[in-house]
Amino acid sequence: MHELSLAQNILEIVEQHVPREQSRSVKSIKLRLGEMSGIVSDSLEFCFSAIIAETPMSNALLEIERIPFILACRTCKNSFASQAGVVLCPECGGYDTDVVSGTEMQIVEIELRETEPSQC
Ligand SMILES: [Zn+2]
């Protein structure tokens, strides 16, 4: 399962960035996910919540920002949002296009809860 190994990767990245004693305070993890990344966001969210359930991070939320698939035409310099798999430029009909966005998967922010003052 592709999404499961990705969810594990995300957890590892978060663990590398957040000191162990603060992992309980992880509030949310913001993720940019391209429409053409081939990742099913619902499935990724499901896998992620499943694997963090047994960790101190169990309350963390995965916030997924969907990034549209954008192409740029080399011939007429037009850039356009594309439907899955279609790489033809709607302006000139050219297919000499570069991918601008939509294939990425990156963590952009790890948000921590304000630490409450200790009670003792
Ligand atoms: Zn064009």
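Two residues are taken to be in contact if their C-beta atoms, placed from the backbone, lie within 7 Å. In this predicted model, local features need pLDDT of at least 70 and side-chain atom pairs count only at pLDDT 80 or more, while totals for chains, interfaces and linings use all residues. Residues are numbered from 1 along each chain as its sequence is written.

By the contact criterion, Ala 7 touches Leu 44, Cys 47, Phe 48 and Ile 51, residues up to four places away in sequence not being counted. Ala 7 also belongs to the largest nonpolar core, a group of 13 residues in which Ala 7, Ile 29, Phe 48 and Ala 60 have the most contacts. Two or more residues of this core come from each of helix H1 (2-17), strand S1 (26-34) and helix H2 (41-52). A nonpolar core is a set of buried Ala, Val, Leu, Ile, Met, Phe, Trp, Tyr and Cys residues joined through C-beta atoms within 7 Å; a residue is buried if 20 or more other C-beta atoms lie within 10 Å of its own.

The protein chain contains 2 helices and 6 strands, where helices (H or I, at least four residues) and strands (E, at least two) are DSSP runs numbered from the N terminus. Their order along the sequence is α-β-α-β-β-β-β-β. The C-alpha trace spans about 70 × 30 × 20 Å along its principal axes, and buried residues account for 17% of the 120 residues.

An open sheet of 3 strands shows the order S4-S3-S5 with antiparallel pairing, pairing requiring at least two DSSP bridges between two strands. Strand S3 (residues 70-73) pairs with S4 over 3 bridges, and Ile 70 has Ala 81 of S4 as its bridge partner.

Terms used:
A residue is buried if 20 or more other C-beta atoms lie within 10 Å of its own, exposed if 12 or fewer, and partly exposed in between; C-beta atoms are placed from the backbone.
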